[in-house]
Amino acid sequence: QVQLVESGGGLAQAGGSLRLSCAASGRTWSSNMFAWFRRVPGKEREFVAAMRWSGGPTYLADSVKGRFTISRDNAKNTVNLQMNSLKSEDTGVYYCAAESKIRFEAPRRESYVYEYWGQGTQVTVSS
């Protein structure tokens with residue numbers, strides 16, 4: 001059974017940092033696309049960042065470029081989201097997602113293409 005488990009959320013002050021991790025288990029991953037989405041109050045779930053499990057290019061939403069970084073930790077089998085210079089508008093529930101199929105194209109930013117999802121972790125940024 002595939003499981004994606006997020007950790008690392010919490011409370012941070014504006015300008016501060018948090019690091020989210022997504023532990024993936026239950027199947028063998030190769031070039032599957034992994035992504036972070038977030039649901040902020042009053043908005044639809046939105047794409048934040050993506051990269052392949054095998055590494056390579058990373059993709060970031062314009063709203064987080066220069067502040068967030070997505071990376072892989074091979075030793076821990078995780079996909080991580082380093083969030084710096086946090087803003088109050090970054091407050092929301094952050095979800096890790098993964099595609100079951102491998103498609104050799106840029107990551108899709110629509111949530112429906114991702115078959116696997118974690119339970120989400122709350123990030124709250126106080127101003």
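Predicted model: local features only at pLDDT ≥ 70, side-chain atom pairs only at ≥ 80, totals over all residues.
**Exercise 1. Work out the strand order of the open sheet of 4 strands, and say which strands stand at the edges.**

Solution. 
- Step 1: The order reads E1-E3-E8-E7, and the pairing is antiparallel.
- Step 2: Strand E1 (3-7) and strand E7 (68-73) each have a single partner strand, so they stand at the edges with one side left without a neighbour in the sheet.
- Step 3: From one strand to the next, the twist averages 20°.
- Step 4: Now look at E1 with strand E3 (residues 18-25): this antiparallel pair is joined over 5 bridges. In E3, Ser21 stands opposite Ser7.

**Exercise 2. Classify the ring pair of Trp29 and Trp53 as stacked, tilted or edge-to-face.**

Solution. 
- Step 1: A pair of aromatic rings is described by the distance of the centres and the angle of the planes. In this model, the count comes to 9 aromatic pairs.
- Step 2: The ring centres of Trp29 and Trp53 are 6.2 Å apart and the planes stand at 45°, so this pair is tilted.
- Step 3: The two residues are 24 residues apart: Trp29 is in the loop between E3 and strand E4 (33-39), and Trp53 is in the loop between strand E5 (46-52) and strand E6 (58-60).
- Step 4: Trp29 is buried, at 9% relative accessible area, and Trp53 is buried too, at 8%.
- Step 5: Trp53 also has a charge to consider: the charged end of Arg72 sits over its ring, 3.7 Å from the centre.

**Exercise 3. Do the analysis again for Tyr95 and Trp117.**

Solution. 
- Step 1: This aromatic pair is edge-to-face, with 75° between the planes and 6.3 Å centre to centre.
- Step 2: Tyr95 lies in strand E9 (residues 92-98) and Trp117 in strand E10 (residues 116-117), so the pair ties together parts that are 22 residues apart in sequence.
- Step 3: Tyr95 is buried, with a relative accessible area of 13%, whereas Trp117 counts as partly exposed at 25%.
- Step 4: Both rings belong to a cluster, linked by ring pairs, of Phe37, Phe47, Tyr95, Tyr114 and Trp117.
- Step 5: Over the face of Tyr95 lies Arg45, at 4.1 Å from the ring centre.

**Exercise 4. Describe the backbone and setting of Asn77 and Ser85.**

Solution. 
- Step 1: Most residues other than glycine have a negative phi.
- Step 2: Asn77 is not a glycine, yet its phi is positive, at about 55°. Ser85, also not a glycine, has a positive phi of about 50°.
- Step 3: Asn77 is in the loop between E7 and strand E8 (78-83), while Ser85 is in the loop between E8 and E9.
- Step 4: Asn77 is partly exposed, at 38% relative accessible area, and Ser85 is partly exposed at 41%.

Key:
Residues numbered from 1 in each chain as written. Heavy atoms only, no water. Pairing = 2+ DSSP bridges. Axes fitted to C-alpha atoms, helices over the stretch in contact; angles between N-to-C directions. Phe/Tyr/Trp six-rings, centres within 6.5 Å; stacked < 30°, edge-to-face > 60°. Buried < 20%, exposed > 50% of the residue type's maximum accessible area, 1.4 Å probe, protein only. Lys NZ or Arg CZ within 6 Å of the ring centre and 35° of its normal.
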